Structures are given as structure tokens and as C-alpha cells.
Amino acid sequence: MEMNGEARVKRKHSPVVPAGRPTKHLKPESSAFTPGDSSLTPGDTTPANGTVYNVEDDDESAPMLPVGPVQPDSPEWQATIEAVVKSVISIHFCQTCSFDTELSMSSQATGFVVDAERGYILTNRHVVCAGPFWGYCVFDNHEECDVRPIYRDPVHDFGILKFDPTAIKYMKVTELCLKPEAARVGVEIRVVGNDAGEKLSILSGVISRLDRNAPEYGEGYSDFNTNYIQAAAAASGGSSGSPVVNIDGHAIALQAGGRADGAATDYFLPLDRPLRALECIRKGEPVSRGTIQTQWIIKPFDECRRLGLTPNWEAAVRKSAPKETGMLVAEIVLPDGPGDGKLQEGDVLIKVNGDLLTQFVKLDDILDSSVGQTAHLLVQRGGQDVEVECQVGDLHAITPDRFTTVAGGTFHDLSYQQARLYAIAVRGVYVCEAAGSFKLENTLSGWIIDTVDKRPTRDLKEFMEVIKTIPDRSRVVISYRHVRDLHTKGTSIVYIDRHWHPKMRLAQRNDETGLWDFKDIADPIPAEPPVPRRAEFIHLDGVSQPATAEIVRSFVRVSCTMPLKLDGFPQAKKTGFGLVIDADKGLVVVSRAIVPYDLCDINVTVADSIIVNGKVIFLHPLQNYTIVQYDPTLVEAPVKSARLSTENIKQGQDTIFVGFNQNFRIVVAKTTVTDITTVAIPANASAPRYRAINLDAITVDTGLSSQCTNGVLLGEDGIVQAVWLNYLGERTPNSHKDVEYHLGLATPSLLPVIAKIQQGIIPKLQILNMETYVVQMSQVRIMGVSEEWIQKVSVANPSRHQLFMVRKVDCPPASFTKQADTLKEGDIILTLNGKLITRVSEFDVMYDNEILDALIVRNGQEMHIKVPTVPTEDLETDRAVVFCGAVLQKPHHAVRQQISKLHSEIYVSARSRGSPSYQYGLSPTNFVTAVNGVETRDLDSFVREVNKIPDNTYFRLRAVTFDNVPWVVTMKKNDHYFPMSEYVKDPNSPEGWKTICYDKGKERRDLSADSINLNADAMDEDSDGGNSDPEMEE
């Protein structure tokens, strides 16, 4: 199976971080294998399900049959392949949301027709997906039709899709006959499929072994309780589900996995069980599957003897099955299962229901036909015969076929797959997407929820009943464990969000339609009104400066949770510290790297005790700070307004650094200002996002400054000289980690804005739409600045002999239509409104003027120009449309800073894993310019045109990349899993934004925009795939 858009290695990466994972059942990493670009952003691990599974070398490897030079196929093989390819199809699909062992993803694979009349396709289980599936298939003549799952095996790696045979009009659909008995050692085979993402690839090989144990793929899905066929064929990503055919043109096995170390070794699933399932489906009968919740593996006779197999039984087995070289041995017996307390690890299986047994096929036959009955087993344990009776359970009953989404998270009952992997009982509520309110410890999945709000949640039904009773905005205690470490119980307080995520939905698999049917469980309970709380601040022990002890009362913790990824911001939740600038009004200044935009929930924690809601009052467009407000009447604590200095701090000045380290502990150090320099935070090349520009950054001589994201620089008199902020920087191309800078911002620049806000006026700033950098006198002299101006600079700014050159002129917003002189790249700015500009702070004159009289040097010539400033009222994002999984918005400020021309007012800001936009390649940073040939320059026209498109039909989008490359993307609309919705800023709404949902192209006010439980953590905002689906090798 091959991931979209990239050359991939064979197997997908684990959906959870492997740190601390017990080594049992996992093969060692191969030092010889180097995966492709599989770097991740912090906290993001997304599986690329659907590739050929790869396994490492292990002690089961049989000697390879020699592989000689590639020879032309014989006429017989050529005739066979010509007939076979008409039955082989390429499958393009999505798992639309996370489920069981896999996160949401998009991929492609192979399948083949096994019933041309009914339209049945056989492929792998990891292609059919355990969770919601949406896809289509392409035949050899490039005809396409939709496919839907009708069966996926609970354990074995096969599933069956259905298509409409009448949809294929230009070729005769043929089927392959399944002949599992034709698989024999030495048989020459061909693997015909979609190899490495190619439309059709034919690989040759020879079967070398029939009795290999099922390969282990790590922490994702793995097959078990079956033998596998081993051959040398060297298939790769995309060939999952390919038929393995013999010279007669019969399918004798199903491609499933391969080695990850480059060896030309592949593993095929025998077709005995797929053939039985196919026959049941043809007859309209359910595919019964039995289990005693025990994993068996094949062990050779020498190992069985060491486990206690007696010579008498070995002789009997060898006589009954002379070609057999081993027997089935119990590997894992699940707690509380039918075999618990009866079977033990290491038991050698002799008989089942009186039949001597050495093969998985026969064991499956007995169990599948005995569901609800008793199976009689004879095993040898340490040389002793032990007879046990086990009740055969229904394997489908312990394979989840429903899930619940609530408050951003996704939950279902623990599956047999996960229980078997970790040898635990099949019970508990499993978190398959830990997001939203249930984002726990930065791990995306794998949690088992034991209690919610001090009430047990032993299964999904109990969990839903508890969640129903919890009001919106409640904070409740949950206890949980991770499947990798069940010895450690975690406890957290979670904030239940039922306003951005109001829907609590139950999804139930429907094998008749191939869809998952959604049902609303319960309406959210409104939030309870907040009540005032009392608290005291901590006292710093051993700190001699009284000013430091007092400033503690001016710090609050600010947590920001975003339901949607906007403006290229890479995370869905950020926490840091803010400085109280007006305790009476509840005003707090905080870094914009913590509160990047106002579509969010803000929680303000006072004195580490009182938690109150906050709201965004002001976002500074350039200087990296946000002002938020909380209700001070709810806080009965001695909060103190910080006193801000009106004088700029100077280089070499002594100061007291007070900051918060990574453990949110306050730290203090006397230090000195080492430098004050003009900087611009580097732009993020792959996805523009907010960055501070044109600012004087303060650095200090203490190692604490790099450890602390937030704090202040404090004078001995207790006056705050600078706020210490974290600045979001660029994403490194190799590690895909976001760089964060920690710098000081002098307080005088804050004062004009704060003064207006204290008066109840929201500042409406004007800004110059350009970015500058510092140039020294030696440079400006060469560029044409006169000696007279150079002398004036040295007098005006004795500590910094500098001027500013325009580095980049922003692309103005569409609403900006003033025709006047503008600055150009390379201009040296001498004066603005008659004042010489040698400091960044002197640019502040732009904030209150619509036109600036500028004296500049351009191409060596002094000239006066009238420079218009850009209003910032509509600079921030005030609307977002979510369509086919893509988040569309007007280009935000950072986009205009980095681009020379806006192609439209429709900018792709993010996209969801497993969505049509992900599958068809509509990437973040693209601009949409037309829908089905109709020009769409803004969101209104876009919404109007896409509402005309019927569900499940193709449409064309004309788009332009960030690098000005036009292209056309064809996509299929999917209203079932990805209905269109909108978020629109609305001051009259309690959250400051209203949500709109569309049903079959019509606006529905009675529906929530969160009908699909939008999950910001499953969104990729990076155009180069920094958050995209890396594949996983074992």
C-alpha cells in the first residue's frame, strides 16, 4: 500500500511514541534499514496505513532460493499475465477517522476481482480498514468506480470490497479463481499489483516456505493464528492486496508483507480462510468466526520437545502428517478469556475435539464452526497430557464496530487486536484519538479510560452514560492507563468542551451500505455559572529582593485551546504565563505564540488555584503580544497590577530576571542586559504563520533566559522594564521541529495600547506593510546617503549608528485600494513625518497616521514620498470554511508578508488526515481560484459554487501554489464524513464566533458545525508534509 504524494517505505510508523514500550512480541530494529523522510513535528505521529507491511529479520527466515538474472517471461506466463491484469485493480482510499490500531490516513493499494458478477474484490484487511472507509478503484483500462467494504476479518489480513459491475462499461470484468491448495514450495509465482505506487507492476518469485508464522509489524495491526507463505519477490509499498498467481492464472495467495532490510523477501497470506469467507458471503450467510482468545504459533519439533512434547506424541504426529516439521504452541492466553486458567503459555496443542491437529487451517475450521459451543482440547504441558474444555466465543463480538466522538476525542471498546498485542483482557474504553479535551500527555492514542468524574467507565456504554451528565466547560478528574504501561495509572483534570464540540455522536458500522451511520447521543448540558473563588499567592523563600516577591502576584497562567487550525499555527493547545497589567479590569498581556488568534478557549489560572475563562481583547499585528481579559469579580485573590516602565532599558544595565521554567516553576536571577538588537523572527518557508518583525529584542546574561518562555525583567524598585516572551520561529527542514525564540520586549512600546484598552477603546492601528532590516553607515554611504545624514544619525543615536532598509514590501489586503507612493525593496528610510528614524520604536508613528511623509533614499537619490499605512481592523482572520477536510480562509498577515501577489482570497490553511483534500492533494498554502471553471475570488463565491455540487461527485478546483504554479485538482465531494461548515466571527455569540453547517448544499442553522467532531490535532498545516503521514517499518 502506498501513501499519497510521496515515495514511501514499506510499512507505516507506529501511531504512538515507542518510548518505554516493553520489548515482548517486537522484533529488534534493523540497523541496516534507514527509512525515508519520516520526521515528525513534536507530539505528531501519524500512521501511513496501507503499505506493504515490513518485518525485520528473525529466526524464522528460511534459506532463500537463489534469485538469478531476470529472464523474459515464457509465452505461457505472458498469456497468464495478460488474463490476470484484467482482474487486478488499484484501490485509492481513506480511513476518515482514527480507529483501533490506526490513525486516520489516505493511501492506495491493490485488490483483485474474485466475483465478477457480484462485484467482489479481495484485498488486505489493512486496506479495507477497521474504521470508516471511503474509496474507489481503478481497473486496468482506467475505468473507475466506487467501492465499499462488506467484510473485514477480525484477525487475518484480508477483507472484501464490493463494486458495481455495471459501472464498468468498456471492458469485460473477469475474476480470479482462488486455489489455496496450489501453493507449494518451489512453485513459480507472479505478484501482479500496484507496486510502489505504480499503476501496474509484475514481480516474479518462487515460494520457499509454507509454514512461516505470521509476521509481527510492531504496535499497529498484526495478523496472527495463521501460517504465512514466504517467497522471494521484493514487492514494495502499494502492492498490499496483490494476487499471487501461478502459471495457470489462479490466485494461490494474497500479498501482505515484506522485509524492511532490503532483502527480496515477501510474505503472503494463504487463501483458505478468504475462500471460506467469500463462499459464505456469496450464499448470504454470516462469516462466523470463533475464538478462545489464545494466540498460537508454530514451533519446530525440537523446540516442542524442550517444552515437554513426549516421543510417543511426536511419533504419532509425524506418522499422521509426515511433511509437518512443527506443532502449534500457546504463545499468549488472554486474561479473562475462555482459555484463561485452563491453557498456559508453552502448551503444545495435540488434539481439538478428538482430531490430531498441527495446522492453523484446521484449528480455524473447528473454532469457526463452534461459536457458542464447547471445544475439547488436549495439550501437553511439561510432558503431561492435559485435557481442557473452552467455551468458543464470537470473534466479531470482541472486534469493535462502533465508536463515539465527544469533546474532540474518539473512543471505542478495546479490541482483540490491542488486547492480544499487550496480553491484556479484552475490556475497557480505548482512546483511539486522544485530542480536544482528551489530549493526554501528548500521545495520540493508546489510552484506556478507567474513570471519568470519579465514576467507573468499564465499557463504551458506561463511558457514554457518564459523559452525558457532565455540563459544558466542566473540569473533571479522569484516571487512565496506557496499553504500553498498564502498571502506571495516570490522573488528569480535563476541561470538557461541549461548545466548540457540542455533538456527542455514536458511529455504527453498516456492512450493507459500507458506511458508518452516525447518531447523536445527547445534547450538551449548558455550562454552570462560575462562582468567585478565594486564593493566596506563594511566597518566595530566600529571595532577598522585595520587588521580586511582589511581582509573583502579577503573574497568571494562560492556557489556549484552539478547535481549528488557522493562520498556519502548528499546535492546537498552548500554555504559558501572562503578566497582569490591570488587576481591576482583569487585563493580561501574554505572548502571541501562546494565544495566536481568537477562535479559541482561554483559561486563566490565578495563584495556581483559581481557573476562570478569558477572552481575547487585542492582538498586536507586529510585536508578538496578545491582551486577554478575565472577570476579576470571580477572583478573590490579591492580584496586583504590574507597574510598567516608561523608559527603555539599556544595554549593560543591571536587572532582575524573573521567569517560569519548563516545570512552570518561578526562577529568579540577577543579570545584565547583554544586547538590544533589531531583529525579525525568521519566516517559516513551508507554511507562513505569525511572526514578530521590526522589533528591538533584549537578551540577558543568564542561562535561565533560554529555559524560560515567559517572565519579566525587573528593576530594583519593582518596575517591570521588559516582558520576556516566547516567539514562534521557523520549522527546521530536517527535524521538522518548530524553533522558539525567547527574547525581551521593552515595556514602553506596550503603554499606548494598554492606555487605550483601559479606557475601553480597542486600538485600531495603522501599519506600514513592509519589513525592514538594519544597515550600518559603511553600507548606506555606498548606497547614496549623504554625509550630512550620516552625521545626523550619529548625533540622534549615539549607541546605534544605524538606519533601516526595506527588506520586503507586503502584499496589501484586497480591501486596501489607496493609490499613492509606496515603499519599495531597497529603500533606505531617513525620516517619517520629519523625524529621523534610527530606532525601531520610532516607527510607532505609523500606528496613528493614515499617510506618512517619508524621506527616503532610492537608487542613490533622496526623495519625498507619501506612504499610505494599512489599517489593521480586518487584518485578523474572521471567517473559516471547512470543506472536504480543508480549512479555507482569507490569506492571513503572514501570507501577505511572504508573497508578492495574492492569487485569490481563498487560502488553504490546513487539512485533515483521511479527508478528500488530503487524498487528492489539496495542500496547505494553496490558493483556490475557480470551482468547475467558475472564478471564485473570495469565500462567498466559493461557498456558493461548491454548494451546487452533488454529494459523491467529482468537481474541479483551479488552484495556485505558494510558488505561483497554477494547477487543477479533481476531487470527489463527501458530505457523509466531511460536510461543509463555517466558523464566522460574531461579537454577539458567547464564544465570539458562530458556527454554520451545510446539509446537502443547504445551510442548516439547527445543525452544529462540529457534526464531524473536527479535530485540530488531526490537521496538517504544513505544505511540505511535516505533519503528514510517515510510514512505519518494524
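## Strand β59 and its neighbours

Phenylalanine 927 has valine 960 of β59 as its bridge partner. The two strands concerned, β57 (residues 927–931) and β59 (residues 954–960), pair in the antiparallel sense over 4 bridges. Strands are DSSP runs of E with at least two residues, helices are runs of H or I with at least four, and both are numbered from the N terminus; two strands pair if DSSP finds at least two bridges between them. This is a predicted model, in which local features need pLDDT of at least 70 and side-chain atom pairs count only at pLDDT 80 or more, while totals for chains, interfaces and linings use all residues. Residues are numbered from 1 along each chain as its sequence is written, and side-chain values use heavy atoms, with hydrogens and water left out.

Strand β59 also pairs in the antiparallel sense with β60 (residues 966–972), over 7 bridges. Here valine 960 stands opposite proline 966. β59 and β60 form a hairpin with 5 residues between them, and asparagine 964 in the turn has a positive phi of about 70°.

## A six-stranded barrel

A barrel is closed by 6 strands in the order β33-β34-β35-β38-β37-β36, with antiparallel pairing. From one strand to the next the twist averages 40°. Angles run from 0 to 180 degrees between N-to-C directions, and the axes are lines fitted to C-alpha atoms, for helices over the stretch in contact.

Valine 590 stands opposite threonine 626 in β38. Helix α11 (residues 751–758) lies across β34 (573–582), β35, β37 (610–619) and β38, and runs at about 25° to β38.

## Aromatic pairs and charges over rings

A pair of aromatic rings is described by the distance of the centres and the angle of the planes. Rings of Phe, Tyr and Trp (its six-membered ring) pair if their centres lie within 6.5 Å; planes under 30 degrees apart count as stacked, over 60 as edge-to-face and the rest as tilted. By this rule the count comes to 26 aromatic pairs. The rings of phenylalanine 618 and tyrosine 625 have centres 6.3 Å apart and planes at 45°, so this pair is tilted. Phenylalanine 618 counts as buried at 6% relative accessibility, as does tyrosine 625 at 1%. Buried means under 20% relative accessible area, exposed over 50%, and partly exposed in between, with a 1.4 Å probe and protein chains only. The rings of phenylalanine 804 and phenylalanine 843 have centres 5.2 Å apart and planes at 75°, so this pair is edge-to-face. The pair links distant parts of the chain, 39 residues apart: phenylalanine 804 is in strand β48 (residues 802–809), and phenylalanine 843 is in the loop between β50 (835–836) and β51 (851–858). Phenylalanine 804 and phenylalanine 843 are buried.

One aromatic cluster is formed by Trp134, Tyr136, Tyr920 and Tyr954. Charged ends also sit over rings: that of arginine 212 is 4.2 Å from the ring centre of tyrosine 267, and that of arginine 911 is 4.3 Å from the ring centre of tyrosine 918. The criterion requires NZ of Lys or CZ of Arg within 6 Å of the ring centre and within 35 degrees of the ring normal.

In helix α13 (residues 787–796), the buried residues are Trp789, Ile790 and Val793. Seen down the axis of α13, these residues fall within an arc of 105°, so they line one face of the helix; the arc is that of the directions from the helix axis to the C-beta atoms. On the other side of α13, Glu788, Gln791 and Val795 are exposed.

The cover over the buried residues of α13 includes α12 (777–783), β48, β49 (828–832), β50, β51 and β52 (861–868). Contact means heavy atoms within 4.5 Å.

## Selected loop residues

Most residues other than glycine have a negative phi. Aspartate 336, in the loop between β17 (326–333) and β18 (348–352), has a positive phi near 65° and counts as exposed at 52% relative accessibility. Aspartate 567, in the loop between β33 (555–561) and β34, has a positive phi near 55° and counts as buried at 8% relative accessibility.

Glycine 220 is found in the loop between β10 (201–213) and β11 (227–231), and counts as buried at 2% relative accessibility. The C-alpha atoms of glycine 220 and leucine 421 are separated by 8.9 Å, although these residues are 201 residues apart along the chain.
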